[in-house]
Amino acid sequence: MEEHDDYSEPRGTYFDFRGYLFKALHLWKFVLLSVVFALIVAYLINVRKQSIYKLDSLISVESDQNPFFTANTSISFNWGGVSGKVGKVMTTVKTRTHNELVTDSLQYYMEYLQEGKYRMEDIYKNAPFVATLDKSKGQMLGNLIGIRFIDDTQFELTANFEKSGFTAQRYSDKTKYNDNFKIGPFAQTFSFGETISLPFFNGKITKRKDNTIVPGAKYYLQFLNFDSVVNQYKNSVMIAPFSGSSSSVLTLSLAGSNKAKIVDYLNATTSILSKTELERKNLYATNTIKFIDSSLNAVNDNLKDVTDEMNTFRKKNKLFDVTEEMNIVSTKLRALDLNREEERTKLNYLNSLENYLRTKTDYTQIAAPTSVGINEGNILASVGKITALAIERQTKEYTVKEGNVIFKDIDRQIDAEKNVLLETIGNTKRTIGINLDAINNNIARFEAQLSNLPEDQQEFLKIQRKMDISQESYNVYLTKRGEAAIVKAANVSDISTIDEAKDIGGGRIGPNKNLNYMMGLMLGFFIPMFLIFVIFLLDNTIHGSDEVERLSSIPILGLIGKYNYKNNLVVFEKPKSAVSESFRSIRSSLQFIYKKQGEEDGIGKTIMITSSVSGEGKTFCSINIATVYALSGKKTLLLGLDLRKPKIFDDFNISNDKGVVNYLIGDNTFDEINYASHVENLDVIPSGPVPPNPSELLMGDRMKELIELVRGRYDMIVLDTPPLGLVTDALELTQYADATLFMVRLDYTKKGMLALINAKYKMGEVKNISFVLNFYKHKTNHNYGYGYGYGYGYGYGYGVYGNAYHEGSGRRSLLKRFKRFLKANT
């Protein structure tokens, strides 16, 4: 064989996707088990995880206009359109204050529970009893309180205290405090409807109508922290514009595990929103009614005084007639007095409004200007804007921190509008002052005409005028109060329900069982594939010929299949086996190498067999190659040169007391160390006792003499040498080798070992070297891609072909075939 002077570097490293695929296919059982396990986990999650439902309702936010705003109504409460109100409603739904009202009205801080298969189930209204709480007293938080029915009239209240202390909460003022109770179980019998007063529970348990009491049935009560429940619903309830409609229609939605509780919460939210909005809407009318009532009371008191004064005057003075002319003057004076009273009322209102704007910060208590007859458009508009902004600021206080830029913007708008209103008030007051001066001048002129009358008549007319003015003012205020009351009574909330929440079946949004199964399938497949990828990436052993060809340019001479047998004499004792055919294949390939080296008469050919480390089949290969040559008629010598770890003597039942070592140190002759084996034409020389200096012995002249001696006596000399990767002994023997076989055991030899032999081959330290791949397993796909290399096709063909010549195989039992299948796939 050539000395490979045209040596080329092995190809660079790359990811062997094909090898990874075959590795995964080889571990298909592991992948399948992982998938099955993941699907089982997904199933367990699906059956144990609580179903989550999502329901919704539709509400409408209408324009803020009262149906009684007609031309016949002198008091206007128009708040404007729907703009801005939708945002306020959406904000209100997410506020803590609103959710506190809803939670408190439904008592969602109290749970009715029943023990289910996997968890405590919230049975809500399906509980056959109702707990009526004494909110002024505390209820224990967190711990379960058991209710076990004894009969139709009695039940047992139970609890278990692992520690004496517990936290309780009074739901009247939401105050929490610490209390204690004796450690251990508690049980006491009570009657339905009986008042229970315990440190951990205060209230009554009554039977729910139309529910049957089952003796022995057990249920539980659990009280939750009010603030935590509110925060939970505050974060869970969702509100958004309804798709495909105007912005005034909103969708309320909520997700949870109990559909009945979701329905009640959504409908209660709408109800409380509507009620709150109506209260807000009536606030202006309520403030106006309060203002009119206070004015009406003052006018009424004045009317009583004037009436008393008139009655007293009539008793003291006789009745008399006043001339027609004086009656006309008196009528005119009454009209002027009424006008003056109206202007004074307006002036008083404006003074009060001005003082209110300058001294107060809450502008939601302003009465309607029209209640005193002020119809100035600028004043009405400014008061409406200021009140709306004040309510908007009040609404945002629940969700926005004080000092936020939103408040600054609202305050800036209020201040700007307030400055405009104060300037308008000043101008209006000056106008009213001018009107009052004119009215007072006219009154003085008409009073001068009455000065000619007798004093008693003048007094009568004055009292009459005051009484008429008081009566007229009383009638005006009474009319306006009636109008304001009508407006308030006729008010309806601008928030109405279009489609209330209702459980009509369905609505389940989780868990997504199909998704869980899909995730289980994906994780069950990809996690083991990833683990296989990591193992494959970190695996530095050689698995097939394509890896050998990629890592080294040294040719592959053949392969030897995996064959479990009691000893190493497979070729001799099982000549028809596939392994025997593999060694014959190697013998044929070696013949081509020797022919290229030329024939020398009378000179035997040497074969050195080595490997990188121990355990790669070096001795097994040496024995069987020597046997296959001997069986072919060649006079063959098996020479044990592994002086550190001798092995070959056991299989031939010879002693290792004398061997190569004895010859090299001159203690014995060649004939004394040479043993004839039971294999025809095969002699064996064992290594002998382990020497302290094996390398020096192999380097000596006696070793050279030994090789020359055996070359003259034998046709083939097989040199069983130490591992090349561990010691230098094998390098000393390469000079005597006509051909060198380097054993590579698949799934055992490390890839780095090929770098060592490559370096020695490149430096010329070893020549005429070829690889022999050992432990090939045909059915396990370990040698993926190997069929494309030289030697594999030949060996593979013989491997399959040799199966027909297996001795004593017979037909295996089903159990044996199953065991063989399992063994082949491990």
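This is a predicted model: local features need pLDDT of at least 70, side-chain atom pairs count only at pLDDT 80 or more; totals for chains, interfaces and linings use all residues.
**Exercise 1.** What covers the buried residues of H21?

Residues are numbered from 1 along each chain as its sequence is written, and side-chain values use heavy atoms, with hydrogens and water left out.

*Step 1.* Pick out the buried residues (under 20% relative accessible area, 1.4 Å probe, protein chains only). In H21 they are Leu754, Ile757, Asn758, Lys760 and Tyr761.

*Step 2.* Look down the helix axis: these buried residues fall within an arc of 165° (taken from the directions from the axis to the C-beta atoms), so they line one face of H21.

*Step 3.* Now find the cover, with contact meaning heavy atoms within 4.5 Å. It includes helix H12 (545-551), helix H20 (729-733), strand S24 (739-745) and strand S25 (769-776).

**Exercise 2.** Which strands stand at the edges of the open sheet of 8 strands?

*Step 1.* Write down the order, S18-S25-S24-S19-S23-S20-S22-S21, with mixed pairing; two strands pair if DSSP finds at least two bridges between them.

*Step 2.* Read off the edges: S18 (556-561) and S21 (675-676) each have a single partner strand, so one side of each is left without a neighbour in the sheet.

*Step 3.* Zoom in on S18 and S25: they run parallel, joined by 5 bridges. Glycine 558 has valine 772 in S25 as its bridge partner.

How values were computed. Buried means under 20% relative accessible area, exposed over 50%, partly exposed in between (1.4 Å probe, protein chains only). Helices (H or I, at least four residues) and strands (E, at least two) are DSSP runs, numbered from the N terminus.
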